[in-house]
Amino acid sequence: MNPVSDIFRILPEVILTLTGVLVMLIDATLPPHCARRSLGWVAAFGTTLALWSSLFQLSLPEGTGFFGTVETSAFTVFFHVLICGIVLVALLLSLDTLPEKSHHQGEFYALIVFGAVGMCLLTGAVELLLVFIALEISSIATYVLAGYRKNTARGPEAAIKYFLLGSFATAFLLYGIAMIFGATGTTQIYEIARLVPAALNHAFILAGLGLMLVGILFKVSAAPFHVWTPDVYEGSPTPVVALMSTVPKAAAFALLLRVVYEMLPTLRPVWQPLLWVVAVLSMTVGNLAALRQQNVKRMLAYSAIAHAGYLLAAFAGLGPSGIAAASFYIAAYAAMNVGIFAVVTLVSGYDEKLPLINDYRGLIYRSPLLGSLLIFFLLSLVGIPFTGGFFGKFYSFAAAVGGGAVWLAIIGLLNSGLAAAYYLRLALATAQRPDEQTSAAPAPRVGAAVGAALLLAVAATLVLGIVPGDVFHAAESGAHTLQAPPAEIIAPVNTVVTQSQP
Amino acid sequence: MTAINQSILTLILLVPLAGAVLVALVPDRFKLPNWIALVTTLATFGLTLHLPAHFDNTQSGFQFVVNRLWIEKPAIFYHVGVDGLSLWLVVLVGLLAPIGVVASWNAIRERRKLFFTLFLIQQTAMFGVFLSLDLMVYYGFWELSLVPMAILIAMYGRKDGPKAALKFFLFTFIPSAPLLVAILWLYAQTGTFDFTMLQYNIASGILPAGPLCWAALAFLFAFAVKVPVFPLHGWIADTFCEAPVALAMVVAGKLGLYSMLRFHIGLFPAQARAMAPLLVGLAVAGLLYGACLALVQRDFWRLMAFAALSHLSLITLGIYGLTLTGWDGAVYQILNHGVVDGALFLLLGVLYDRYATSQINAYGGLAAKLPRTAMFFVIASLAMIGLPMLGGFVGEFLILLGTFTGVSRGWAIAASLGVILGAAYMLWLVQRLFFGPESALAASKPPEDLRGGQLAVLWPLAALMMVMGVAPMLWLPTIEKGAHPPPSHVQFIHLSSQGEGPR
């Protein structure tokens, strides 16, 4: 019946799972005193393979496998490639920055890869129970990774906090799924989309939507579900933060897109105002709180909250334009954020001797390369043209304006002006002449693997900033594969010029 | 020849960028970064001179146009071109670049690679602002021009660079947020970022009037901060105090004033007309306020900052007087102000490098020891205050004439008062720096007058000031070509010159 073998529908996930298992097996057979760094290369190789296999999926006809639970489409491929790419960068980053002596390196790499399995599955799942399972796979891996530095005070605290709050959020999501199942009698997303307009028990669906939104918005660290973010980011190892500030959010946003645009497009009048409020809250709360931070990772945590807000502004866009803008923003955000956390990892070191903004003073004198890169990524986060951050904001706010929410774009852009203040504080500290204390700090060493990671991040940020056309086109074709809302109103583009003049 | 005409603007944008990459790659030895920057800027200046040489004065509209699709969705075109308005401004940026390199030659002693890399990127950004005819590309360059400037102020500031840089950046970055929203709104309404298409769409009156008014206001606000127009000038004094000389000469004025003419009045003539009385008032206020503050400054960088505020306000007056005479004068005065400011900053930079203070009362009696410096400074000052036969006279005269005949006699008289005050503070500055008894500071260092590179720059500049004073017809026909609006706007101009209300 199905011309495409089911296994091809989940090829990247299969490859990633095998890689993770392989890494664990090798880890178990190696003698205890043996260095485990090479396991990272195995994981990186497997991730690269998974990336290629998701590109191969593009040649498959669009459709579902495993009894309509997993989808492959341009949308899923876009996110698979993004997730695998970022995981690859995070692995390369970890290779050079994890302490040599650590005995748990095998677990570390395996968990990263298993987390990637969950996130990839999450973007492809079209069945709410699979969504839940995929979310749990990715979350549990991330909880463990957050507590990887178990000998520090903040490491276990971060892990426990993340685990407890995260479990709550997942419970909300599950409860929401149950409500929607109760109202429609199915957990299949297309079926739900078909049944919702006629469903009798409307209150159940609304409650289900609300609960699911709570769960998802927690995962993307949008205000008011953001309180875990700064503590967890501060306590987790920086390479892990590079990972968990980007890919789980990307996967969760993919889920959000699927839920609101594909599953419940008819409830737009309900979720639209909710997302507006969350967007404005996230931007404002994130930026205002970031202004006062002295710790770089906490500042970037609040910046991540603000960026979730800018991204949610894209959801004001109608149909494909909003989906494409959001997808593009996720890619741009992931590229620059993984880049800046890579720099932060190198500067502050694995044990984080230099966590404060003041410690970055004179970085450009100590290490011109890292200093320039830090400024570059900060400028991208500000949204300066010719960087990925600019076009991310551009598409997002253009979608908002196209959807009629001009005020949202104004709030967003004023917020990004506000955000420039704290990004620049760090950039200017970097450019400042070093004082006694910071000039004594050693210049960080940039190894081959982390060099490759930085190169990838810079290249991606520049490509997204200078020639965003191809990536946006990919995001757009992904957007078209999500079922467009039936009663879609296209923004009046290209109509004015052709109108006859009075 | 057509091949060159086709690619000349792209070359002007790319050559400084290529120079920047080259500077970033070479080792910081033997002043290599300086030499590469000098060669690059001279080459770019040479390229910009190609424009007036091959500009066809008989045609209206944009020339040397390149219009290629850059990004499909949204439709952003790499659309560049020059007309009479931007032609000489491009040449001016080209001219000021090598002057900036010469001014930085000895002043920048460390991290020269970084300095010249960013300096050259800044050149590209400024060229981009003057050349772009696609609003998104324009906005890109507009924002990009902030970045090297802010970093250079932070790193090479004299006392408190980072603070001034932050102030400068936020002052100019935040107003561009409404600008971007306005651009996006125009796109959502019309489906194009193209300047001429937007001009046509807006003129045809099919866009809703209310939002259009807000969009015009957003444009104006962003430009007014950048110029700056009183009372949005909060950033200018600190920036002038901290910015390296090479950047202080370009930081204020040109970009904002050009953008007002091209993108505010050019796109939103009716809305600009409604706002014009307010801007005329603010311009005269800024003119007098800047001049009064310049009179009482003790630090010559701050004095230059408020002098700039005063002079730029005069140009704003010319622009928002909405008379053709005033526009001609305004563009001419932008050119003249650029040249004169370039020379003055170069000279003040030389003084600051040698004596390490910008306190005016520490100086005195330098004329006897540094006769050449004094001579050039006097010439530039006289050009600045508008002495007949020097460049400043033509521009100021045209602006005041336009105001007198086209706006109101009262404003013109008030503006003239500001010009007189301008003469007062400049001449007083000359007197305190160069004449009077020799100060302890002047006596403390051996006399060391201007040398090769500086003279090679200053002689042509002085000559240029005189030529601009006696032969304005070399420039004015082209400027008039650009300042004259396209046909669809003629009606509006007639109305404005008769002083009647909008339709």
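**Close-up 1. Division of chain B into domains.** In this predicted model, chain B is split into domain 1, which spans 1-249, and domain 2, which is made up of 268-446 + 460-498. Between the C-alpha centres of domain 1 of chain B and domain 2 of chain B there is a separation of 22 Å.

**Close-up 2. The contact between domain 1 and domain 2 of chain B.** Across this boundary, 35 residues of domain 1 of chain B are in contact with 41 residues of domain 2 of chain B. On the domain 1 side, at least two residues each are supplied by helix 3 (84-104), helix 9 (195-203), helix 10 (209-226), helix 11 (236-242) and helix 12 (245-251) of chain B, and helix 3 of chain B gives the most, with 10 residues. Sorted by class, this side of domain 1 of chain B holds 28 nonpolar, six polar and one charged residues.

**Close-up 3. The contact between chain A and chain B.** Here 33 residues of chain A are in contact with 35 residues of chain B. The elements of chain A that give two or more residues to the side touching chain B are helix 17 (368-382), helix 18 (388-402), helix 19 (406-431) and helix 22 (469-481).

**Close-up 4. Helix 19 and the make-up of the chain A side.** With 12 residues, helix 19 of chain A gives the most to the side of chain A that touches chain B. Taken by class, that side of chain A comprises 24 nonpolar, eight polar and one charged residues.

Conventions: Residues are numbered from 1 along each chain as its sequence is written. Chains are lettered from A and ligands numbered from 1 in the order in which they are written. This is a predicted model: local features need pLDDT of at least 70, side-chain atom pairs count only at pLDDT 80 or more; totals for chains, interfaces and linings use all residues. Two residues are in contact if their C-beta atoms, placed from the backbone, lie within 7 Å. Helices (H or I, at least four residues) and strands (E, at least two) are DSSP runs, numbered from the N terminus. Ala, Val, Leu, Ile, Met, Phe, Trp, Tyr, Cys and Pro count as nonpolar, Asp, Glu, Lys and Arg as charged, and the others, Gly among them, as polar. Domain bounds come from an automatic or database domain assignment.
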